[in-house]
Amino acid sequence: MARPAFVVTDALREKVQYLAGLGVPQDDIAKIIGCAPKTLRKRFREELDRGVAEANAMVAGYLFNSAKQGNVSAQIFWLKTRAHWREGAAPGPISGANTGASSPVVLILPDNGRDPELTQVLRDAQSKYFAENQRRQPRELRP
């Protein structure tokens with residue numbers, strides 16, 4: 001004997017949309033309304049998508065309003081998730097810089113080929129520095 005056809009009603013559509021918005025898993029929604037999960041996804045695709053989207057929009061609105069009213073936690077969350085701000089360690093002092101150490105700090109910068117004069121000055125400074133400090137010299141500059 002064949003299974004009876006599943007009848008979709010407006011009341012079921014509203015219920016599916018509401019449950020999807022609450023975050024109820026699709027398998028559980030299917031059990032609640034009395035159909036297979038595959039049938040749920042086939043017959044209620046729009047309601048599943050719309051319920052989740054509307055719930056997310058509503059919560060985002062509450063979060064935004066809370067952040068505007070001065071809720072620091074909401075502001076931090078918003079900036080991290082929506083504005084892609086990230087926390088990082090504060091840059092510490094460079095070893096040897098402004099500490100009275102005998103050797104200066106040398107930064108090795110890649111050559112971008114835009115300023116030949118500056119490139120030569122940087123190469124000279126690098127050669128001079130590594131000539132004084134043989135053990136620190138990069139392998140590609142060692143004799």
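**Figure 1. Packing of helix α1 against helix α2.** Helix α1 (residues 10-22) packs against helix α2 (residues 26-33) at an angle of about 150 degrees, and their axes are 10 Å apart. Axes here are lines fitted to C-alpha atoms, for helices over the stretch in contact, with angles running from 0 to 180 degrees between N-to-C directions. That angle makes α1 roughly antiparallel to α2 (under 35 degrees counts as roughly parallel, over 145 as roughly antiparallel, 65 to 115 as roughly perpendicular and the rest as oblique). The crossing of α1 and α2 is right-handed; a crossing has this hand if the near helix is turned clockwise from the far one by less than a right angle, and is left-handed if anticlockwise. On the α1 side the contact is made by Leu12, Lys15, Val16, Leu19 and Ala20, and on the α2 side by Ile29, Ile32 and Ile33. Contact means heavy atoms within 4.5 Å. By class, the residues of this contact of α1 with α2 comprise 7 nonpolar, no polar and 1 charged (Ala, Val, Leu, Ile, Met, Phe, Trp, Tyr, Cys and Pro count as nonpolar, Asp, Glu, Lys and Arg as charged, and the others, Gly among them, as polar).

The structure is a predicted model, in which local features need pLDDT of at least 70 and side-chain atom pairs count only at pLDDT 80 or more, while totals for chains, interfaces and linings use all residues. Residues are numbered from 1 along each chain as its sequence is written, and side-chain values use heavy atoms, with hydrogens and water left out.

Figure 2. Isoleucine 29 lies in helix α2. Its relative accessible area is 0%, so isoleucine 29 is buried (buried means under 20% relative accessible area, exposed over 50% and partly exposed in between, with a 1.4 Å probe and protein chains only). Neighbours within four places in sequence aside, isoleucine 29 is in contact with Val16, Leu19, Ala20, Val24, Leu40 and Leu48. Leucine 48 is 19 residues from isoleucine 29 in sequence, and their C-alpha atoms are 9.7 Å apart in space.

**Figure 3. Crossing of α1 and helix α4.** The axes of α1 and helix α4 (residues 45-68) cross at roughly 45 degrees and come within 7 Å. The angle makes α1 oblique to α4. This crossing of α1 and α4 is right-handed. From α1, the contact involves Arg13, Val16, Gln17, Ala20 and Gly21; from α4, Glu47, Leu48, Arg50, Gly51, Val52, Glu54 and Ala55 take part. The contact of α1 with α4 has 5 nonpolar, 3 polar and 4 charged residues.

**Figure 4. Alanine 53 in helix α4.** Alanine 53 lies in α4 and is partly exposed, with a relative accessible area of 44%. Along the chain, alanine 53 and glycine 21 are 32 residues apart, and their C-alpha atoms are separated by 7.4 Å.

**Figure 5. Packing of α4 against α5.** The axes of α4 and α5 are 8 Å apart, and the two helices pack at an angle of about 120 degrees. α4 and α5 are therefore oblique to each other. In passing α5, α4 makes a left-handed crossing. Residues Ala60, Leu63, Phe64, Ser66 and Ala67 of α4 make the contact with Ala74, Gln75, Phe77 and Trp78 of α5. This contact of α4 with α5 divides into 7 nonpolar, 2 polar and no charged residues.

Figure 6. Histidine 84 is found in the loop between α5 (72-81) and α6 (116-132). Although histidine 84 is not a glycine, its phi is positive, at about 60 degrees. With 58% relative accessibility, histidine 84 counts as exposed.

**Figure 7. The whole model, for orientation.** The secondary structure of the protein comes to 6 helices and 0 strands, where helices (H or I, at least four residues) and strands (E, at least two) are DSSP runs numbered from the N terminus. Of the 143 residues of the protein, 17% count as buried. Among contacts in the protein with a separation of 6 or more, 35% are between residues 24 or more positions apart. The protein exposes about 11,700 Å², of which carbon and sulfur atoms supply 55%. Accessible areas come from the Shrake-Rupley method with a 1.4 Å probe; for residues, only the protein chains shown count as cover.
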